[in-house]
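Please consult the sequence and the model while reading.

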Amino acid sequence: MLSIKDLSVTYSNGTHALEKADASLPESSITGIIGPNGGGKSSFLKGILGLVPHKGQALFKGQALDKFAKNTAYVEQKGNLDMDFPISVEQCVLLGTYPKLGLLKRPGKREKALAGEALSRVGLSAYKNRQIGELSGGQFQRVLIARTLAQEAELILLDEPFVGIDVQSEKIIVSLLQELAKEGATILVVHHDLSKVKNYFDHLILINKTVIAVGPTEIVYSKENLQKTFDLPAVTLLPSS
Amino acid sequence: MGTALLNFINDLSTYAFLRHALYTAIILGVSCGMVGCFIILRGLALMGDAISHAVLPGVAISYLLHISYFYGAVAFGLLTALSISFIGQHSKIKSDAAIGIVFSAFLALGIILITKIQSAINLNNILFGNVLTIKESDRILTYVISGIVLLTIFLFFKELMLTTFDRVMAQASGLPVKFIDYMIMIMLTLITVVSLQTVGVILVVSLLITPAATAYLLTQKLTTMLWLSALIGALSAVVGLFLSVTYNLPSGVVIVLVAASIFTFVFLFNQKTGLAWKAFRP
């Protein structure tokens with residue numbers, strides 16, 4: 001189980017991004033994190049990972065998350081990586097194997113095989129020698145997903161992985177994530193497109209500054225919960241006089 | 001040119017000091033070239049410039065205390081790096097502005113100290129370097145430091161690559177990102193300080209940045225970039241020293257100009273992005 005207790009994120013400029021968020025999620029599941037812009041979805045992930053100043057804690061299988069760092073994969077929202085970096089697609093996927101290798105060890109046959117398999121699962125084996133900047137946005141997102149595969153991570157956190165990518169890449173990534181969840185991975189995905197929520201996720205967390213609702217999709221995905229989350233009082237739906 | 005080259009080779013076998021200068025310059029070309037790759041990929045080029053200028057007061061103080069200039073220079077180099085990140089973390093000043101403030105202040109302090117204390121330090125030598133007059137102790141120090149730096153890069157290559165390319169992933173997967181940051185700052189400072197003798201305060205940054213940037217244009221693989229950069233650094237050192245001896249020019253500046261010429265050539269003529277190719281392509 002992944003349990004998040006009293007998670008608050010306050011940035012150094014005083015912004016309270018998230019206050020006292022609580023959530024429990026079963027393992028082997030794929031959870032959508034839904035909420036308005038600026039509602040604290042990304043801060044929720046970063047708080048869980050300890051990448052931003054935070055209070056409260058996240059436990060995975062009853063242990064603090066930093067003990068699971070090597071088994072935790074995180075893919076940031078797009079745009080922060082140097083696409084001119086001298087690195088090939090294959091090497092980029094191989095980076096996923098680094099956390100578990102330990103100091104002074106180089107990736108060997110096992111790691112290269114892992115990377116190769118991961119690349120073929122996202123359908124990009126043919127691109128392995130390309131420099132990462134030569135890929136489209138969707139292809140590169142698939143490379144980052146392949147990297148989490150190569151890491152053999154048990155906990156996978158993705159921040160808006162489908163923004164600005166092609167339909168084919170989105171399909172490949174979604175079906176891969178669902179496979180991974182079946183194989184035992186616990187996956188959290190920040191997402192903004194409500195129309196696909198029911199098809200993509202078996203669990204949902206609705207967030208607006210704190211957790212509004214959490215649980216299986218068929219229960220949580222209700223009109224009432226969505227109105228609460230997106231601050232849409234019935235009034236705004238009435239025609240203006 | 002042919003006779004000049006023969007003369008140079010002849011001089012090399014005759015004069016030990018020339019041989020030593022050549023070895024030192026080559027080794028610095030290699031180690032600066034390799035460290036420089038991480039410096040430019042991490043966007044720290046200005047930081048390297050700042051550290052090299054800011055070591056000056058350290059050199060003067062070392063002279064006052066009768067210790068090797070190395071200790072004072074390293075202390076001020078690290079102080080510079082720390083001050084810059086301290087200002088960045090505790091105010092809204094961006095790092096390029098913080099760099100400008102800190103290094104100019106330290107450089108000014110260094111110049112006052114050197115001109116005011118009755119010292120045998122030759123300001124010209126520190127500012128522009130002269131590898132031909134390098135002392136044996138400094139030469140050995142250069143070898144040792146270069147060895148340490150190269151070994152560090154070899155041992156921690158995996159961590160250096162991951163933290164340089166994707167800091168967030170490195171952090172999320174539990175790598176000691178801050179430790180690696182400090183390691184790079186320390187390597188940068190050490191290599192800068194030992195390069196002072198060869199190219200001087202003003203031009204150290206050239207040995208760090210120019211070969212690495214040239215290699216960056218030529219390859220899309222990090223390991224190849226490191227080797228190419230080392231090769232270009234060493235080549236600049238050899239050709240620079242040859243021209244400097246042959247035409248009686250200061251060694252530091254000639255080495256820098258050779259490196260810059262190689263960069264210019266690659267910038268214009270490399271097949272993928274070279275401007276000259278683009279211009280003639282139909």
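In chain A, 52% of the 241 residues are buried, that is, they have under 20% relative accessible area with a 1.4 Å probe and only protein chains counted. The model is predicted: local features need pLDDT of at least 70, side-chain atom pairs count only at pLDDT 80 or more, and totals for chains, interfaces and linings use all residues. Residues are numbered from 1 along each chain, chains are lettered from A, and side-chain values use heavy atoms without hydrogens and water.

| Property of chain A | Value |
|---|---|
| Radius of gyration | 19 Å |
| Span of the C-alpha trace along the principal axes | about 65 × 40 × 35 Å |
| Accessible surface | about 11200 Å² |

A compact globule of 241 residues would have a radius of gyration near 18 Å, so the value for chain A agrees. This radius is taken over C-alpha atoms, and the rule is 2.2 Å times the number of residues to the power 0.38.

In soluble globular proteins, nonpolar side chains tend to be buried together. Here the largest nonpolar core has 125 residues, and I187(A) and M47(B) have the most contacts inside it. Such a core joins buried Ala, Val, Leu, Ile, Met, Phe, Trp, Tyr and Cys residues through side-chain atoms within 4.5 Å. Helix α11 of chain B (residues 177–218) gives the most to this core, with 22 residues. Apart from this core lies another, of 30 residues, including L155(A) and V168(B).

I187(A) touches residues such as I30(A), I156(A) and L180(A), leaving aside those up to four places away in sequence; contact means heavy atoms within 4.5 Å.

Methods: Buried < 20%, exposed > 50% of the residue type's maximum accessible area, 1.4 Å probe, protein only. Areas by Shrake-Rupley, 256 points an atom, 1.4 Å probe, with all protein chains shown as cover. Helix = DSSP H or I, 4+ residues; strand = E, 2+ residues; numbered from the N terminus.
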